[in-house]
Amino acid sequence: MSRSFFARNPSALIFIACLALFTLAVTVMSESIGSGAISTSFVKTLGKTLCLCLVAIAMDLIWGFAGILSLGHMAFFGLGGYMIGMWLMYARTEAIVTASMANAEIPPTDQEIIDAIGTQIFGVVGSSDFPTIWAFADSLTLQLLMVVLVPGLLALVFGWLAFRSRVTGVYLSILTQAMTLALALYLFQNDSGLRGNNGLSGLQNLPGADAIPQADISLWFFWASALALGLGYLLAAWVVSGKFGSVIRGIRDDEARVRFLGYSVEGYKLFVFTLTAVIAGIAGALYYPQAGIINPAEIAPIASIYLAVWVAIGGRGRLYGAVIGAAVVSLLSTWFTGGQAPSIPLGFYTIDWVDWWQVLLGISFVLVTLFAPKGIGGLFDYFTGRLPPNRHGADLGPDSGSLQEQEAEQ
Amino acid sequence: MTRTIFAALAAWMLCVCTAMAQDSPIQQLLQEHRTLIEKSSRKSIEPAIDALRDSGLPEAQAVLEQWQAKALWQRKADKLFFFGEKIDSKTYRLLDIATGEIEGEFPKKELKQLKPNSGIRSMIGAALVQFQLMADDPAKRVEALDAIQRDPAPEHLTALKGAIETEVDPEIRARKERLVRLLTITYGRDDAERISAIESFSGDLGVDARGALNPLVATTRTAAAAIPDDANVAKRLKPGSEDFSEAEAYALLVSSNLAPAHISASEKRMALQDNIEGGSVGGVPVAQLDTDEARERAYVALAEAGTVPATATEAEVAAALASHIFFDRYAEPSEAITDAAAKALGSINTQVGLNQTADLALDALSLASIYFLAAIGLAITFGVMGVINMAHGEFIMMGAYTGYVVQQVIPDYTVSILVALPLAFAVTFAAGVAMERLVIRWLYNRPLETLLATFGISIALQQLAKNIFGTQARPLTSPAWLDGALVLNDVVSISYIRIAIFVLALIFLGVFLFIMKRTRLGLEVRAVTQNPRMAASMGINPDRINMLTFGLGSGIAGIAGVAIGLYAKVTSELGSDYIVQSFMTVVVGGVGNIWGTLLGATMIGFLQKGIEWMNPSNTLAAQTYMIIFIIIFIQFRPRGIIALKGRAAGD
């Protein structure tokens, strides 16, 4: 333990350096305080991408390191967004309502203000009363606490139930997917208290910051996202570097053996599951103010599966792989589906990428799974010269440990 | 000369006609009751109408109809009755009532129009109903019954009673008898007759019976100083109880003008706003008016000054509530009848409840068979081979689109369904085999990655379907003989399409069991499932078996797709709507066992319908609670309802 953390994890240092450089470059080119080479909307896109990278790190921790393919982390991400969105929406509506009522001849009572806010927010779902889950919406501190607590508690309860009954492998994946679907369906209801399928909107407007241009605000959020990503990366690297990291990798490779060695497998899994849910919640709380709107469709199971796709393409079992995957695939997605990619005329048919990007993504995902289980991150092994010995037969990927296909069959 | 002859001829004709008109029995009958008809009073006219109705003369109906339509005229000269047709404002053409022949044209002043008042017209109408009820054409009779049922009146009762004896059609006769009982409930002569009619409907499921009984037990909420003697009170209410709050009670008093209106907060606010004087209201500065107490203080001050009406104080409200009695009052005055009606409705509701349960069970069964159909293919690939196929939903979709394409080519729906079923199987079988060969067999040792790879295929297939067929829903029309529903009674019914799906599910269960237990392929599949290496050393080719098994599972998904497409719209998201439920079905039922899948589907189907029944407005909530239930269920039986034991369980 004589060597420092960074000496043992040179990749963390490199990553932080790259992130700092990137942040600096974007700042210098931003409209707000730089040259203006990067538009405000693109700064927002980059900020959102950093948040997606953060949740991808969480996914990599739980899947790449602990071997649990969770199809529910985007639900935690969305929950974090909902929690911060409640405060944003409440505080902003309160400011608007107070301003409009100040002109009345008789000053409004507190109850009248709250009723008016309720009518403003819940009018779209035909209600005007505040549901109990909005009890803390007027306090930023409490609502920020909820960003951490709500996803954390949900993950704790769900994880405890699932791990306790030794649900593993694909069963656990399906169970987490069911949880995500249940949550999304619940939020789709109008009487769920979170405005049904309208979701929460207008989140890009910070309360009390009307005078500040969006260019500044988006840059602030970009910095915050970069900071969160950096801290999240360091936390994840620290978690997986020590003895704890060895144990969770052990659980991934052979759960029964770790259990027989006397470790409380369920406890370790539960800790990782809850920790990653909290990270996902924080990422969501930073993402949705930049996106401006959140609705239950964001929580649908497909979103969590895309998260798995990013991590798989980027490369599981290495933190920078997850970041690269999330950044590359989500930016490519934006580029292709935004209609910016040039269409390819084939003479008899024109490939319009808005229609064909999903097909390409699906197919490339299959190809990556089949031929490059290490993903994009695996390319770095060629530079560092960390090539495994040729043991004949295909790599089984991180899930089956270090076994090669032909060894596994024996 | 000629003129004379014509005149003579005309005179002669007139004589003959007159004689004929006077001789016809219907004219004689009318003449018999002439004084009553001329008097045209509601009180005394009945014998005349009855006589016409019961005369049995063929013209009676026409006469009544014309009379009701104010088209019956009397010639002042000889008091005979004719049908009149207007030529111009002064002249009318008269027609003989018996023969319909033209009598001649007469100036209006020589004639008298019979103008029955509305009371008489409705009596005539009731008499006419009887003619319709006894019409020769059964369709006319049914039409008359429908009309009565739509708009019943007291006089229909007698008409109906008179029309039962002669009825020959047993079905219409039964309907008439039922309608008599229904009308007796409301218009019966005395309480005893009405009560026996009410009791005869005890436990009846018909909507019409409930429709006739419900008005009897309808109540109005009333407030009064004391209960009136003639009131039939359903229930006394106590203000402040759970279903009758004090605010409601006071509002009732206000609306019955028994108490002064309570002034609401917003009205007070308006009143205060109107009375701002020099920055204060009633001595309270405006700036302080941001609490309810301050506003109350200001309002009371204004009320004392007399500028605004005083609001009722708490004590006055309490006193008003205490000095009045609140009760629900039946519109029907007779207590015996309301009691009987309430009792009959109670037994009807029990019956309806039982039948609704049966209906719900049928619904649940059909939902279960849909889940079973969707899951059975998955049970094969996931349960038998241990391969997660996230693209299973897309195979279902592929089957449904195959059905749609076949319908575009073959316009006859029956034939096209018969072609579509095997074709869907063939298409998805081929797709499944291709997927197994190209992707899945490389990943047998990596279950999590199978999940992801098949998911990649799933999003690619979904987008492909969108590119080819567009995003709008495509119809898959069922043949005409599957339209409609099997109606057991007014409550229980099930559409034929759901029965067909249920039958299809049963057939699949049979086919699956037959293949697995009775064929060479099934034997080899089971062998490979249990121990691939041992099976291979016995001369079975595991690769080939895996391929065929996967193809079989996918093919069944295709057929399920056609079945599901028949009652749901075909979209590219069709499959993903079912995929999670299908996985749940397999996991809950227990992996690797078809009976488990059956049990799982049944459980999920019944559970979902059960939860929907508890909260019918919200199917989303039902799905949410169902998934939560399943997550908890997995806690207690992690390996499903039917868990494999021993070596077959693997790991």
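How many helices and strands are there in chain A?

Author: Happy to, and keep in mind that this is a predicted model. Chain A has 16 helices and four strands. Its radius of gyration comes out at 23 Å, close to the 22 Å that the globule rule gives for 410 residues, so chain A is as compact as a globular protein of that length. If you want a box for it, the C-alpha atoms of chain A fill roughly 85 × 55 × 55 Å along the principal axes. Of its 410 residues, 45% count as buried. Take the contacts in chain A between residues at least 6 apart in sequence: 75% of them join residues at least 24 apart.

Now for a couple of spots in the loops of chain A. A:I33 sits in the loop between α2 (10-29) and α3 (40-65) of chain A. A:I33 counts as exposed because it has 11 C-beta neighbours inside 10 Å, and the cut-off for exposed is 12 or fewer. Go 40 residues along the chain from A:I33 and you get to A:H73, with 35 Å between the two C-alpha atoms.

The other spot is A:R166, in the loop between α6 (140-164) and α7 (169-188) of chain A. Check its backbone: phi is positive, about 55°, although A:R166 is not a glycine. Most residues other than glycine have a negative phi.

B:K70 is partly exposed, because 13 other C-beta atoms lie within 10 Å.

β1 of chain B takes us on to a sheet. It's an open sheet of five strands in chain B, ordered β4-β3-β2-β1-β5, with antiparallel pairing. β4 (102-107) and β5 (111-113) of chain B are the edge strands, each pairing on one side only. From one strand to the next, the twist averages 40°. Strands of a sheet pair through backbone hydrogen bonds, either parallel or antiparallel. For a close-up, pick β2 (residues 81-86) and β3 (residues 91-96) of chain B: they run antiparallel and are joined by five bridges. Across that pairing, B:K86 stands opposite B:Y92 in β3(B).

Last, here's where the two chains meet. The contact takes 45 residues from chain A and 45 residues from chain B. On the side of chain B that touches chain A, α13 (265-274), α19 (447-469), α24 (576-589) and α26 (619-636) of chain B each supply at least two residues. The largest share of that side comes from α19(B), with 14 residues. By type, the residues on the chain B side divide into 30 nonpolar, ten polar and five charged.

Methods: Residues numbered from 1 in each chain as written. Chains lettered and ligands numbered in written order. Predicted model: local features only at pLDDT ≥ 70, side-chain atom pairs only at ≥ 80, totals over all residues. Contact = placed C-beta atoms within 7 Å. Nonpolar A, V, L, I, M, F, W, Y, C, P; charged D, E, K, R; others polar. Pairing = 2+ DSSP bridges. Axes fitted to C-alpha atoms, helices over the stretch in contact; angles between N-to-C directions. Buried ≥ 20, exposed ≤ 12 C-beta atoms within 10 Å, placed from the backbone. Rg over C-alpha atoms; globule rule 2.2 N^0.38 Å.
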